[in-house]
Amino acid sequence: MDKVNAPVGGHQAIANARRLGTSLRKKRIRKFVGNKLAVFGLAVIVVFLFMALFAPFLTPYDPLEPNFGQTLKGPSAEHWFGTDSMGRDLYTRVLYGARVSILIAVSSSLIANAIGVVMGAFGGYFGGWLDKGLVRLSELFACFPQLIIVLVVMAFIGPGTFNLILVFAITGWTGTFRLVRAEYMSKKEETYVKACEAFGMSRLKIMFFQILPSVMTTVIIQVTMNIPGYVMSEAGLSFLGFGVPMSTPTWGTMLNAAKSMKVLLYAPGVWLVPGCAISLFVLAVNFFGDGLRDVMDPRQQ
Amino acid sequence: MKLTRKLLALLLALMMVLSAAAFAEGAAVEQTLYLTFPSSNNANTYDFLYPWDNETLPNNLLWLTLIQADKDLNAAQPEIMETWDISEDGTVITMTLKDGLLWSDGTPITMDDVVWTFERYCDGKGNYWSFVVAAMKYIKGYDAFHAGETDKLEGLTWDEKTLTIELSSPYASFLNLMCQVAPLPKHIYENCSFEDDSFKVDEIWREIPVNSGAFVVTEHSEGSYYVLEPNPYYAGKPSKITKVVCNVAEASNYSTLAQTGGVDMFVSTSQDDYAVMTNTTGYSMKAVPIIFFRFLAFNFFDADGASKGFVDDVRVRQAIAKGVDWHTVIGGLFGDQASFTQTGVLADDVNYIGDWYEFDPDGAKALLDEAGYDYSHTLKIFYYYTDQTTVDVMDAIAYYMGQIGVNVEAVYTSAVAQDVYEGRTQDMAYFGLSAYDSLSWYQMYLRDNMDSMLGCKSVFADGVAELEVAFSDELKAESLAKLQNMDKENIFFLPVYTLNQQVWVSDRLSVPDDCFGNGWFFYDYQFEDWEIVK
Amino acid sequence: MAKYVAKRLLLTLVMIIIISFAIFVALNNTGVDPISFKLGLDNYTPEAAAELREKLGLNAPLVVRYLRWWKDMLSGNFGYSIAHGYSIRSGLIAKWPATLEISLTAMIVSTVIGIGIGMLSAIWQNSIVDYLGRMIAAIGNSVPEYFFALILIQLFSVRLQLLPTSGRVPAGAVTFWDRLPNLILPVAALAIPMCGNLMRYTRNTMLDVANQEYVKLARSKGIPEWKVYIKHVFRNSMRPVVTVLLFRMTLLLGGSVAVETIFSWPGVGQVLTQAITASDYSVVMLYTLMMAVLMLTISFLVDLFAALLDPRVRLDK
């Protein structure tokens, strides 16, 4: 926002703007640090990422190796969170599961938002029939349960980790689209855009080099706030048997074990562990996202 | 008339007093048996033709079969037929009708009803148990009748008293299968359509329940319950239980229903039910070993019929049999609720001669090397059960094979028939088979769709034909030994385990010792002696 | 007004046609043949599949079959499931009420509780109610409904043994009260996450409105605080809240699929997932359509309601 709003001017003006920028950044960081929940969220996220990245160094077990002598055991010194129906260490599986679950959520959110931004930019900036069409399309997506769209698309392109990301991206762009479109609609009336247009700058250039940076705040917040939804959706779909292949440990495929009444009723640890991992991670991202929004975009609280 | 009534009332009163005295508080127990079923997708309450799962007990009460089976499903007692006899060469079966049998509307059960029922089995329009239909195909003239070329089954000749069935070739279990055939009242249902299960919505079928068994439907509220009470025209020994209430509840498993009360007896093969029921008081369980296989079916050819060149070498299949620690996997996942088996015969059957493949990863590895197995290939398994136990079995196979350098990928498919038989991208598929007898397992080798994956038909044709005509126990043992050796040599299918059937009986119900067989079929439950004691 | 309604209806119709056609085309191209489910493992051969396909008229061109589906729809019998052979109409009659029962109950429960606590949170900002409300909202926002469902079963069925684990109609149930215990857990599992959302949204909207100039003006005129809240704040914050509520309905219907699975609730969830895996398009299309029609109707009612509530909104725009 800071950089772009400084119109064509002398070096002094730019320097001023830069100074303003750094002090603003400092102010924001201070504000963020003051938000205890947001800092807690960030800390949890960092811990989760660390655990996912360094999983092999944090556990002596193989996430896939069965040990039929140790099935459905409760927490112990060897198995901190207990074991599942094949005697595999739950702590280990949560670590390895985090890799796939977080990867899916983050990449889905990034791609979905990229689609939303492009569509929103074109719709908001160009307006007209294109805009109308895109708005109708997004309404179409909003008027029936996302789960059904996801399932139908999933049936269409087939299962698999990459396809799951693709499906989330195809079906998840509408929220960002609406926000970005609204921003573009208001921004295109602003003076600096009019000025660029008057200079004969190409419309694509204006869209992506002039307006986009000022919309990035909204987008970054959107990307963050969408991640929890995808974590939960991945788990939900895997729970219904539509997600990633069952043999890949993810938080969702681990939860699938709760479909067995035996596990559901008499071995709660098996589903409590991945369930709590999901909830904690989602809670952390939500707190972090809220904090981020408070700091970066005070209008939207 | 009046006097008789009075006398009768007096007699009844006297009997009640006497019985009350005899049983003290026992007589106060209302003899009502409660059964409960989870509602199926189609919300049907009962299905006479194709009883499924726990519907089989009420069906046993509603219908008489031609011959009554004992709990091992062998022809044992007269039921609709007084006598039965089979010729030396096994091709002619003669049965005589019992006198004085009546339908529940009071009309006599005649040979016409019996013949009409045979015709329904043979015209291919209704949905019947496939293993019975498989036997019916041996009746002379079946093909012509089935194709609609003639309206008379050549192999059937009958008069009022005697039915003679002529088979085109002998079929050893034909008589036993007559225990699974319940004649229908022709005068009621002859105008019903049986095509594509449409009888289920046929009003005649639903509104006029006329049947032959010890009980009749006296009350029926679709989708919620039906009540059975003694059939006044039933000639057999009356049951102590005087009312059977069959509730339909919207739940997916029996254990939930049992916990809320109202189920006196049910059968299940579910590990979930087992876990929940062992934690539920007031029930006891009898385990019945049944033929309910889980097995790997290999596939040698791709969609165009060209050889894939991986599992078609028998040494690779042997390596899979040896490379996975099946005993540990099955024991770990099922405890004593499943039996490990390596042939098409139950492990506790006297004829079982399996258990050749001990867990031996080094031996498996040697076999693979010997076969020149391409370790860069990923073996693909299709599976279609979604429960966690199946996923666990798949994971275990992938893990153990991974230990000897073989990559295994287990892929869930919902469109299993299409993917397995037509897509053919798999090297194996994980199947389930519930069967009436060992013959059904071996007949699987003769199926066209299996043959197209394995080329197994020609290998097994003679052996199966021998078992089909194995009339004596010795012949059967000999034939099964031969077939099991063929199982071992070829490993077209690799059986993994069979599940026990659990029969759960509530403490308020007393049943004769050892009366339970496979609860999915018609047999003598000795229901007359069942009693509610609490 | 009439013109608006007509336009809305037309738009709804167009949407329905697009949705149904999209699903029809997608499910016809999944590569999964519903016929294979009907034949099953025992009877399937490519030849048998081809024969049955011919018999059921599935070889007709796409458009012909699509129009045939509309014919079935309009005649009101909805046709048969290709994969499993049951009459879709009787399936619908059996399953749809169960799904509506839990989603609508959850909707009502969460609306009352969510908006209620949200309002109290806004009125008594930074009080203990506000603090608790925000905490519940944060948790409700982060815990997936199926995980809630599992925890509820563990707590209330296994530990406390108060409520049944699953099913809708217990054996021998006659009245609504007999099966009320079965309703509580699934509804709670669906309602709690939604409550959190609504609470947060109601609170924030009310605080926004409460800081608007006209509310401050009303206060400065000496109107009692409760009157300010009822007359100005509540009225003006309800419109966005109702809109959010509407969007929640789609989430509810979606979320109920997993919750139905856990509680063995005999709703459309299982039928729908089964039908989608089988590419049983006539079933999927009908259920999706039912949901779309429900959504579009609600959205229409909300707009209508908003116009009645707020004279500034005019419908003919």
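Predicted model: local features only at pLDDT ≥ 70, side-chain atom pairs only at ≥ 80, totals over all residues.
Strands of a sheet pair through backbone hydrogen bonds, either parallel or antiparallel. For S6(B), the antiparallel partner is strand S7 (residues 162-166) of chain B, and three bridges link the two. Within this pair, Leu156(B) has Ile165(B) of S7(B) as its bridge partner.

Six of its seven residues are buried, so strand S10 of chain B is largely enclosed by the rest of the structure. Strand S1 (residues 32-38) of chain B runs parallel to S10(B), and the two are joined by seven bridges. Here Phe37(B) stands opposite Val248(B) of S10(B). Strand S9 (residues 225-230) of chain B, by contrast, runs antiparallel to S10(B), with four bridges between them. In that pairing, Tyr226(B) faces Cys246(B) of S10(B), standing opposite this residue.

In soluble globular proteins, nonpolar side chains tend to be buried together. In this model the largest nonpolar core has 313 residues, and those with the most contacts inside it are Met265(B), Phe431(B), Phe516(B) and Trp530(B). The element that gives the most to this core is helix H10 (residues 225-262) of chain C, with 13 residues. Apart from this core lies another, of 15 residues, including Val180(A), Tyr184(A), Tyr192(A) and Val223(A). Setting aside neighbours within four places in sequence, its contacts include Met265(B) and Trp530(B), along with Val288(B), Val503(B), Val505(B) and Val511(B). The tyrosines Tyr523(B) and Tyr525(B) also touch Phe516(B), as do Lys71(B) and Lys286(B).

Chain C has a plain make-up, with twelve helices and zero strands. Its C-alpha trace spans about 85 × 60 × 35 Å along the principal axes. Of the 317 residues in chain C, 52% are buried. Among the contacts in chain C with a separation of 6 or more, 73% join residues 24 or more positions apart.

Chain A is in contact with both of the chains described above. The size of an interface is often given as the accessible area lost when the parts come together. Between chain C and chain A, about 3400 Å² is buried, with 80% coming from carbon and sulfur atoms. This contact draws 43 residues from chain C and 38 residues from chain A. One salt bridge is counted between chain C and chain A: Arg200(C) forms a salt bridge with Asp290(A), where the closest N and O atoms are 3.2 Å apart.

Between chain B and chain A, about 1800 Å² is buried, 58% of it on carbon and sulfur atoms. Here the contact involves 21 residues from chain B and 19 residues from chain A. On the chain B side, Gln388(B), Asp395(B) and Tyr399(B) lose the most area to chain A, and together they account for 31% of what that side buries. The salt bridges between chain B and chain A number two. Asp395(B) forms a salt bridge with Arg88(A), with 3.0 Å between the closest N and O atoms.

Leu72(A) has a phi near 50 degrees and sits in the loop between helix H4 (55-58) and helix H5 (90-126) of chain A. With 27% relative accessibility, Leu72(A) counts as partly exposed. Asn126(C) has a phi near 65 degrees and is found in the loop between helix H5 (88-123) and helix H6 (128-142) of chain C. At a relative accessible area of 62%, Asn126(C) is exposed.

Terms used
Residues numbered from 1 in each chain as written. Chains lettered and ligands numbered in written order. Heavy atoms only, no water. Pairing = 2+ DSSP bridges. Core = buried A, V, L, I, M, F, W, Y, C linked by side-chain atoms within 4.5 Å. Buried < 20%, exposed > 50% of the residue type's maximum accessible area, 1.4 Å probe, protein only. Contact = heavy atoms within 4.5 Å. Buried area = accessible area lost by both parts, 1.4 Å probe. Salt bridge = Lys/Arg side-chain N within 4 Å of Asp/Glu carboxyl O.
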